[in-house]
Amino acid sequence: MDRLKVTIGNLELKNPVTTASGTFGYGREYADFMDLNRLGGIFVKGTTLEPREGNDYPRMAETASGMLNAVGLQNKGVDYFVTHIYPEIKHYDTAIIVNVSGSTIEDYAACAAKLIDLEKIPAIELNISCPNVKEGGMAFGTSAASAARVTQAVRKVYPKTLIVKLSPNVTDITEIAKAVEAEGADAVSLVNTFLGMAIDAESRKPLLSTITGGLSGPCIKPIALRMVWQVYHAVNIPVIGMGGISTWKDAVEFMLAGATAVQIGTYNFIDPTVSIQVVEGIENYLSRHNLRTVSELIGKLEI
Amino acid sequence: MLDFVVRSNEQLNSRNHLLKVSPSTGEKLPPMYPGQFVQIRVEDSPSTFLRRPISIHFVDEKANEMWLLVQKIGEGTQKICAKKEGSLLNMIFPLGKSFSIPDDTETKTVLIGGGVGTAPLLFLGRVLKESGFSPDFLLGGRSGNDLLQLNEFEKYGTVYCTTEDGTKGEKGPVTHHSVLQKKKYDFIYTCGPQPMMMAVARYAHENGIACEVSLENLMACGFGACLCCTEKTKNGNVCTCTEGPVFNIKELTWID
């Protein structure tokens, strides 16, 4: 199994296949479908300093090969996570990474600080790219200056592995990636959802309560792949790739484009066992191509 | 998650099909309860990305078959209804919480359904009858042709009908049926279009009758991961798929 190992900052993953925040709950939701310990890691649901009720229903609209969501970071807050959820999931033998979000820079830092002492949480993923909250979220991720400020503030208080999740809703994603790298991010993960919308032609009404929402699923894969490739060439820190991965082949493509690890998101809803199939598919690929380790794939796009 | 083989597919009217399915592996169906649902994967349909949630219409333990009543609404449900005998359907099941069964078998129950929303009430009616209750059914539709499976419902209790056009039973909405004036019920179960369920919930509330409704909020995963199908309740936003789809109206914010 060692040949599947990859490293992100100080974080060692047993394999490069992880599950994306907001699509995998706290892992428990999938325990009936698979052995969670076979995953490289689990990025758990977006967590904020204070509890959040999220947006009004309807929060979801199906699209061709994808879906829009407008959940709006519904969660019970970091204290609830620490006291109620962490004790239930800490025994998993996989990396558990908490996705941290907030409305202000102070919120991000305070939320991150509360996670430092959790022994089985080796890293956090800073969500500066959620398109579904009125304040904060994506607002921090759409300018290099604000992305740098929030990264700097969290870096100051959080000594473990710090991953920053980037928004694709920007003119040049490499600028944002470089800005957070300069402030000490250990890795970047990309991409979060694309801002989109859906309309009911008959009623002339938007399908989401928030009018706009985040698009995910196989429909975004080519754009995500391009962004991973661009960012890989712009920074020296590891890139975690995601966006529409539904097969092992997609995962290998992201690694060839430069991803050290991948996150599987929306497709978990369609096939809750997809992540395990991706692990197995990558292993087969390595054997077929006579590769010793999975790291030999990273950025090996042949042009 | 399991592959099911379609044992039969019967077209009941222009829009609705009755599919009887059993595990393709031949394994025995696990325990399932009325009100629970399945998430069916739809293949070969570019516009259908998500699974389709369908409530469990009936379970025939002897034949090891699950029955699904499917209405053709969009491309996804059309694909499901087009499945031939012998073809496979991948399902995540059983999902959600079931209707509750009262402790006292003297409790007078009525199961009120509208259109394809009557689906889970057949299974519920059987379980109630087997548990010692004498359930009544009050089923509504646009016209007589929309009232499905009446002969099946009749096996488990008295069936009352209403139609909008008066072609079967009393004319008008279910909440205006005369049986609700004549008989005194203690517990109402309802499933159907949201406006109908809201009218039933209001009726139940005004008459001090316990009432459970089965919601059909749009969902992506069906097992509590995506947080898309939330319903605003007195306990905040909760997932319809895991905390429901069955809710007591006291938990909802529909009335007060």
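This is a predicted model: local features need pLDDT of at least 70, side-chain atom pairs count only at pLDDT 80 or more; totals for chains, interfaces and linings use all residues.

Setting aside neighbours within four places in sequence, B:Phe133 is in contact with B:Thr105, B:Thr107, B:Thr109 and B:Leu128. You'll find B:Phe133 in the loop that runs between α2 (119-130) and β8 (136-141) of chain B.

**More on B:Phe133**

- Is B:Phe133 buried or exposed? It counts as buried, because 21 C-beta neighbours sit inside 10 Å, and the cut-off for buried is 20 or more.
- Take B:Glu106 as a reference point: B:Phe133 and B:Glu106 are 27 residues apart in sequence, yet their C-alpha atoms are 6.8 Å apart in space.

**B:His57, another spot in chain B**

- B:His57 belongs to strand β4 (residues 52-60) of chain B.
- B:His57 has 24 other C-beta atoms within 10 Å, so this residue is buried too.
- Which residues does B:His57 touch, once neighbours within four places in sequence are left aside? They are B:Trp67, B:Leu68 and B:Leu69, plus B:Ala119, B:Pro120, B:Leu122 and B:Phe123.
- From B:His57 to B:Phe99 you go 42 residues along the sequence, and 13 Å in space from C-alpha to C-alpha.

**Where the two chains meet**

- On the chain A side, 26 residues are in contact with 22 residues of chain B.
- Three elements of chain A, namely β5 (60-63), β6 (66-69) and α8 (267-270), each supply at least two residues of the side that touches chain B.
- That side of chain A divides into 11 nonpolar, 11 polar and four charged residues.

**Helices α4 and α5 of chain A**

- Helix α4 (residues 144-157) and helix α5 (residues 173-182) of chain A have axes that come within 8 Å and cross at roughly 30°.
- How do α4(A) and α5(A) lie relative to each other? They are roughly parallel, because angles under 35 degrees count that way.
- The crossing in which α4(A) passes α5(A) is right-handed.
- From α4(A), the residues A:Ala144, A:Ala147, A:Ala148 and A:Thr151 meet A:Glu175, A:Ile176, A:Ala179, A:Val180 and A:Ala182 of α5(A).
- Sorted by class, the contact of α4(A) with α5(A) has seven nonpolar residues, one polar and one charged.

**Helices α5 and α6 of chain A**

- Helix α5(A) also pairs with helix α6 (residues 221-234) of chain A: their axes come within 9 Å and cross at roughly 45°.
- α5(A) and α6(A) are therefore oblique to each other.
- This crossing of α5(A) and α6(A) is right-handed.
- A:Ile173, A:Thr174, A:Ala177 and A:Lys178 make the contact from α5(A), while α6(A) brings A:Met227, A:Gln230, A:Val231 and A:Ala234.
- Here the contact of α5(A) with α6(A) comes to five nonpolar, two polar and one charged residues.

**Helix α2 of chain A**

- In helix α2 (residues 105-113) of chain A, the buried residues are A:Asp107, A:Tyr108, A:Ala109, A:Cys111 and A:Ala112.
- What do the buried residues of α2(A) pack against? Their partners in chain A are the strands β4 (41-47), β7 (95-100) and β8 (123-127), along with the helices α1 (78-89) and α4.

**How confident is the predictor?**

- Chain B averages a pLDDT of 96, and 100% of the residues score at least 70.
- For the model, the scores are ipTM 0.95 and pTM 0.96.

Technical notes
Residues are numbered from 1 along each chain as its sequence is written. Chains are lettered from A and ligands numbered from 1 in the order in which they are written. Axes are lines fitted to C-alpha atoms, for helices over the stretch in contact, and angles run from 0 to 180 degrees between N-to-C directions. Helices (H or I, at least four residues) and strands (E, at least two) are DSSP runs, numbered from the N terminus. Angles under 35 degrees count as roughly parallel, over 145 as roughly antiparallel, 65 to 115 as roughly perpendicular and the rest as oblique. A crossing is left-handed if the near helix is turned anticlockwise from the far one by less than a right angle, and right-handed if clockwise. Two residues are in contact if their C-beta atoms, placed from the backbone, lie within 7 Å. Ala, Val, Leu, Ile, Met, Phe, Trp, Tyr, Cys and Pro count as nonpolar, Asp, Glu, Lys and Arg as charged, and the others, Gly among them, as polar. A residue is buried if 20 or more other C-beta atoms lie within 10 Å of its own, exposed if 12 or fewer, and partly exposed in between; C-beta atoms are placed from the backbone. pLDDT is the predictor's confidence in each residue, from 0 to 100.
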